[in-house]
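Reader: Could you walk me through some of the aromatic contacts here, and tell me what the labels rest on?
Author: Gladly, let's take them one by one.

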Amino acid sequence: MRSFQSMLNYFPEEVLEHVFDFLTSHRDRNAVSLVCKSWYTVERFSREKVFIGNCYAISPERLISRFPRVRSLTLKGKPHFADFNLVPHDWGGYVQPWIESMAKGGVNLEELRLKRMLVSDESLELLANFFPNFKSLVLVSCEGFTTDGLAAIASNCRFLRELDLQEIEVEDRRGQWLSCFPDSCTSLVSLNFACLKGEVNLASLERLVARCRNLRSLRVNHAVPIDALQRILMQAPQLVDLGTGSFGQDPDSDSYNKLETAMQQCTSITSLSGFLEVVTARCLPAVYPICRHLTSLNLSYAAGIYSDELVKLIRHCNKLERLLVLDTIGDKGLGVVASTCKELQELRVFPSDIHGGNAAVTEEGLVAISAGCPKLNSILYFCQQMTNAALIMVAKNCPNFIRFRLATLNPTIPDAVTMQPLDEGFGAIVKSCKGLKRLSVSGLLTDQLFLYIGIYAEQLEMLSIAFAGDSDKGMFYVLNGCKKLKKLEIRDSPFGDVALLEDMGKYETMRSLWMSSCEVTLGACKTLAQKMPRLNVEIINDSDQMEASDDDKQRVEKMYLYRTLVGPRKDAPDFVWTL
Amino acid sequence: MKGYSRKDEGCPRLLDLIPKEKERLTKSAEEKKTRHGSSEEKQLELRLGPPNGDWTIKNKNISREKDHESLLPFGYFSPWSSSSGTTPFLQAHGQLKESSQPNPAKTAVPNSSSSSSSAQKRTAPTPVVGWPPIRSFRKNLANGSSSKPISELQNAVGSKISSEKPIENSPKSLLVKINMDGVPIGRKVDLKEHDSYEKLSFAVDELFRGLLAAQSNFSAVGIKNDEDGGKAITGLLDGSGEYTLVYEDNEGDRLLIGDVPWHMFVSSVKRLRVLKSSELPTLSRGRKHGKLSLDTSPK
């Protein structure tokens with residue numbers, strides 16, 4: 001034993017580093033750095049990819065000092081409920097300080113992935129000009145920049161491989177950003193601008209595609225019509241992932257035939273999305289030839305495709321592993337999915353009419369899918385109604401769920417048949433799915449469900465609660481029972497001070513807690529902030545509801561707390577109080 | 001679909017699947033007090049105790065719970081049972097400046113008959129901020145082709161919530177097929193070019209008048225229609241003419257034109273048909289929404 005121990009002590013660092021190279025997950029690397037000081041040191045100099053789940057948990061300077069060789073950085077900013085307009089636009093999450101620090105610190109940044117962050121044109125310009133090896137920019141749900149910033153990236157990043165914009169609002173300055181890619185740029189592998197509202201220069205796009213022979217993924221926006229798409233496809237038959245743009249007009253038969261021919265050439269496409277403005281379904285059969293190879297299909301923006309056409313398309317897709325659709329598909333359509341897509345792992349069904357008028361899926365569709373698709377492990381389902389019986393059946397059919405998110409259009413609707421709360425149904429899910437990591441619940445729910453969650457959801461990392469529960473007990477059961485909980489977000493539920501303060505140390509084991517429209521008072525938040533210096537307890541007072549009075553009994557409308565190593569943030573706007 | 005139980009097979013409760021916990025975890029709200037003592041030790045057996053072993057849901061919470069029992073969340077969404085007839089929740093999440101309390105709904109629910117059997121069976125039409133939880137992107141899409149306003153009740157002061165910008169997402173033309181009884185050639189009409197049923201009716205007349213005339217020329221009637229280019233097709237909307245305009249919506253149902261506001265019609269119409277009025281059943285709106293029970297309607 002002793003000789004083995006001393007052998008380890010003399011293990012050359014290069015060997016350790018080589019071994020650590022095989023560790024790609026940041027969790028594994030975090031674990032490795034806790035083993036001993038020398039492993040910590042070797043690991044920190046060899047880590048190239050850093051993941052920071054909350055940009056305010058640490059500072060750019062500390063990042064750079066610990067991981068000087070960082071090449072790829074992933075940052076997340078605003079709390080998740082910002083996606084649903086519960087967080088003011090200028091709450092925070094600025095990427096600028098990070099880019100500035102890395103530029104000053106001589107970091108050789110190659111990849112930047114941001115989610116829910118504020119990105120300015122200036123940030124993009126810095127990025128483009130100070131990191132000569134910059135290769136990959138992925139922005140999800142970010143805002144604050146214009147097409148001028150994109151132009152800077154296009155013009156200056158000589159080795160750009162990936163530009164991926166997802167669900168972004170970009171102000172269009174009509175500057176033809178796409179034309180800014182120089183003729184010398186041939187390195188693009190992935191280009192996704194499907195969410196952009198503005199026009200692009202079609203000729204520039206076609207030339208760009210033609211010269212980037214390594215292009216694998218291309219998702220164009222609504223401004224690219226079918227005839228341009230067809231020409232692009234003829235230039236890039238090697239594509240693996242295609243976003244079709246509008247797919248909107250009703251082409252004459254000549255254009256249609258050309259499109260069909262182009263599609264037939266693209267034998268490598270396994271992922272398809274777009275269909276942003278389909279008005280008639282006449283063009284859809286053009287994609288049938290590639291359907292049988294598809295593993296991923298996103299029709300969730302295709303409001304114009306009706307159920308029977310959707311179904312016809314899906315019948316061709318028997319290798320699908322991932323499907324995103326609107327609820328216009330209907331329960332019957334989901335039945336077809338269940339019988340056709342036996343490899344299905346992930347399904348997302350989005351509402352087409354948020355007022356629930358013609359909402360077309362119910363618990364029947366969900367049960368059908370669960371019965372037909374044994375590999376299903378991830379679901380996001382917006383539905384008109386749900387029953388406990390259905391959820392129990394789903395739990396029995398699919399014990400492998402990792403992510404289970406259900407949103408009933410009426411957030412407090414009970415079991416549609418028995419009028420009971422949906423506790424038993426969701427309880428069955430958490431009991432059966434032992435690997436469940438993410439759960440969102442809705443419908444009429446009592447504390448009982450949270451007791452089930454606390455008891456059974458041992459691997460749960462993220463939980464979203466809305467309009468649920470009866471008392472502080474509900475929240476307590478969750479905080480007490482879910483040992484791996486990282487993110488808890490609660491809105492409009494009767495949880496208050498007692499639950500909040502019951503186990504304050506718990507919050508240091510979590511990334512963050514969001515509570516809005518609950519029963520938590522200012523006094524309790526202050527107590528928590530005072531007792532836990534390594535938490536930032538922020539109150540968002542965006543409607544001027546609360547005066548900065550000493551009335552500790554007043555209820556807090558929005559509270560967001562998170563663990564941090566760097567104390568209160570300095571960029572909080574006026575309406576955010578850090579207690 | 002095979003493989004899943006039907007509703008009439010009964011509803012196996014989760015509690016039946018849990019062997020021992022079942023007796024301990026009966027959940028009626030009224031039993032909270034009595035089960036409090038026994039449940040504590042039982043819950044320790046289930047290893048629910050917090051790390052410091054301090055399991056304290058003290059008595060002071062019981063009165064709190066009782067308050068909450070009468071404030072079950074779903075009470076927010078029962079405007080029908082609320083005597084005031086207004087929706088407390090809307091008041092809560094409407095103009096926040098107006099309400100003196102942050103959430104008047106939580107204290108103002110008059111309906112204390114909290115049993116879940118009184119729960120509503122319909123979807124609540126009242127809009128709630130941030131629900132359903134979809135990104136602004138998708139909300140604009142959902143509302144893109146109809147002109148329903150996005151009901152964003154939150155007016156965050158000084159913030160640019162991007163979903164409030166009107167984003168031009170609807171297609172530039174909305175072509176739907178239209179067929180007429182007795183005319184083998186179908187046509188297309190662009191609904192975006194019209195903004196009312198009258199204009200649509202006029203357009204239909206223009207589309208088919210010539211075709212109809214051309215066809216009748218082959219009949220034995222004669223050639224008197226030649227010069228005037230055909231008889232006008234009138235009375236499409238009110239059943240008074242020889243023909244009536246109907247449409248198929250996105251659920252495949254056939255409906256009479258004119259029942260719903262124009263923009264709602266545009267968002268749900270899939271195709272149009274011009275039928276001989278004599279072949280319609282007497283306009284009995286047997287089912288809701290005025291659907292025609294045309295059993296022989298071809299798909």
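**Rings and their surroundings**

Reader: What makes B:W131 count as buried or exposed?
Author: This is a predicted model. B:W131 has 10% relative accessibility, and buried means under 20%, so B:W131 counts as buried.

Reader: Which ring does B:W131 pair with, and what is the pair called?
Author: Its partner is A:F467, and the pair is edge-to-face. The centres are 5.9 Å apart, with 85 degrees between the planes; pairing needs centres within 6.5 Å, and planes over 60 degrees apart count as edge-to-face.

Reader: Why do you say that this pair joins two chains?
Author: Because A:F467 lies in the loop between β18 and α19 of chain A, while B:W131 lies in the loop between α6 and α7 of chain B. A:F467 is buried too, at 1% relative accessibility.

Reader: Happy with that! How many aromatic pairs turn up over all chains?
Author: The search of the whole structure finds 19.

Reader: Why is the pair of A:F350 and A:F382 called stacked?
Author: Their planes meet at 25 degrees, and under 30 degrees counts as stacked. The ring centres are 6.1 Å apart, which is within the 6.5 Å limit. A:F350 sits in strand β14 and A:F382 in strand β15, so the pair ties together parts that are 32 residues apart in sequence.

Reader: What makes A:V19 partly exposed?
Author: Its relative accessibility is 44%.

Conventions. Residues numbered from 1 in each chain as written. Chains lettered and ligands numbered in written order. Predicted model: local features only at pLDDT ≥ 70, side-chain atom pairs only at ≥ 80, totals over all residues. Heavy atoms only, no water. Buried < 20%, exposed > 50% of the residue type's maximum accessible area, 1.4 Å probe, protein only. Phe/Tyr/Trp six-rings, centres within 6.5 Å; stacked < 30°, edge-to-face > 60°. Helix = DSSP H or I, 4+ residues; strand = E, 2+ residues; numbered from the N terminus.
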